[in-house]
Amino acid sequence: MSEFNVAVVGATGAVGREMVKILEERGFPIKDLVLLASKRSAGETIFYKKKELTVHELNDKSFEDIDIALFSAGSAVSRKYIPIVAKNNTIVIDNSSAFRMNSHVPLIVPEVNSHDIKKHNGIIANPNCSTIQMVVALKPILDEVGINRIIVSTYQSVSGTGKDAINELTEQSSQILNNKKPTRKVYPHQIAFNILPHIDVFEDNGFTKEEMKLIHETKKIFGNNKIKITATAARVPVFYGHSESVYIETQKYISINKLKNIYLKTKGIKLVDDIDNSKYPLAIMSETYDEVMVGRLRKDLTEPNGINMWIVANNLRKGAALNAVQIAELLV
Ligand code: A2P
């Protein structure tokens with residue numbers, strides 16, 4: 001099999017470190033792995049296949065011999081460097097939101113719309129973490145009976161914001177438990193022992209950008225503009241794993257038993273739904289399982305085609321790094 005030169009941009013970040021781990025875990029065919037970050041962390045080392053690789057400062061020349069570049073250093077870095085990179089023969093998989101809604105850039109979740117990858121012109125976008133887990137869980141229902149409406153509320157962990165937010169939750173928790181005043185840098189309010197109904201910036205329509213990402217990206221990935229979607233995104237004091245309460249209205253009736261049987265056969269989904277034994281998806285389980293976990297499946301009491309469910313996944317892995325590496329696997 002051919003081997004590829006791969007770069008990870010943002011290699012020292014919460015998602016970048018997972019990318020390096022997952023490339024190794026899945027045995028991605030790598031000739032040279034180049035780790036890039038800002039000047040702040042140039043010279044640091046990261047283990048890959050038991051070897052210490054040095055992190056280099058990102059610059060215009062970083063991509064000269066690179067076949068595949070995985071970007072996870074935020075939208076500003078993506079906007080600045082990806083147009084330069086895409087002029088080489090390098091294929092970029094971008095985890096930021098910079099190019100996701102560009103009509104020439106496919107937005108890919110391999111379990112859902114791998115066929116769209118053919119349309120790429122050098123850039124492929126990795127969707128938002130909360131979108132990925134929701135579309136993986138809803139795709140089998142969409143295929144079986146169609147979906148008219150989605151109402152989603154998210155409970156998103158701080159690792160989705162990045163390493164500084166992980167530190168902020170740790171420090172604030174310790175400060176509060178030691179009767180000290182919590183200090184704050186990353187979030188507009190204390191996150192420890194609190195819930196913030198505010199992720200990313202507010203838009204003119206009163207929704208946050210995170211909520212609008214869920215709406216627009218879901219329609220793009222499903223290739224369906226007609227689905228009615230509304231979203232509320234909240235940040236919760238959890239380190240890893242995003243949880244979602246999702247209500248859907250299907251076009252045709254489907255029983256919960258049939259849906260469970262479909263989920264049991266669907267790759268990439270783990271059905272955790274045994275309420276008699278208090279078994280349902282938990283954020284902490286996302287540190288063990290890479291699948292999108294689905295549970296609390298129940299029929300709505302007022303709408304025969306209404307279904308409620310609880311969806312959990314590891315936001316750094318399936319929600320970001322793993323999905324990006326799976327896209328790279330589709331390429332090779
Ligand atoms: P650094 O560690 O040098 O700041 P996170 O999402 O966890 O906050 O991580 C963001 C990642 O993006 C880190 O690897 C960070 O590197 C990298 N990054 C942030 N800004 C830049 C930049 N201007 N150029 C290159 N890498 C950057």
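## Backbone contacts to the ligand

A backbone N or O atom of Gly-13 sits 3.0 Å from an oxygen atom of the ligand. Ala-14 does likewise at 2.8 Å, and Gly-10 at 3.2 Å. For scale, a polar contact here is a pair of N or O atoms within 3.5 Å. The protein covers 76% of the 570 Å² of accessible area that the ligand has on its own (Shrake-Rupley, 1.4 Å probe).

This is a predicted model, where local features need pLDDT of at least 70, side-chain atom pairs need 80 or more, and totals for chains, interfaces and linings use all residues. Numbering runs from 1 along each chain as its sequence is written, and side-chain values use heavy atoms, without hydrogens or water.

## The shell

## The pocket

The ligand takes up space in the largest pocket, meaning more than half of its atoms lie within 2 Å of the pocket's grid points. That pocket holds about 1,400 Å³ of space. Pockets are open sets on a 1 Å grid over the protein atoms alone, with protein on both sides within 12 Å along at least five of seven lines; a 1.4 Å probe fits at the points, and lining residues have an atom within 4 Å of one.

Of the 50 lining residues, Ala-73, Gly-74, Gly-160, Thr-161 and Gly-162 are closest to the centre. Helix 2 gives the largest share, 5 residues.

Definitions and conventions
Polar contact = N/O pair within 3.5 Å; in protein donor to acceptor, adjacent residues only side chain to side chain. Points joined across faces, edges and corners; volume = space filled by probe spheres on them. Helix = DSSP H or I, 4+ residues; strand = E, 2+ residues; numbered from the N terminus.
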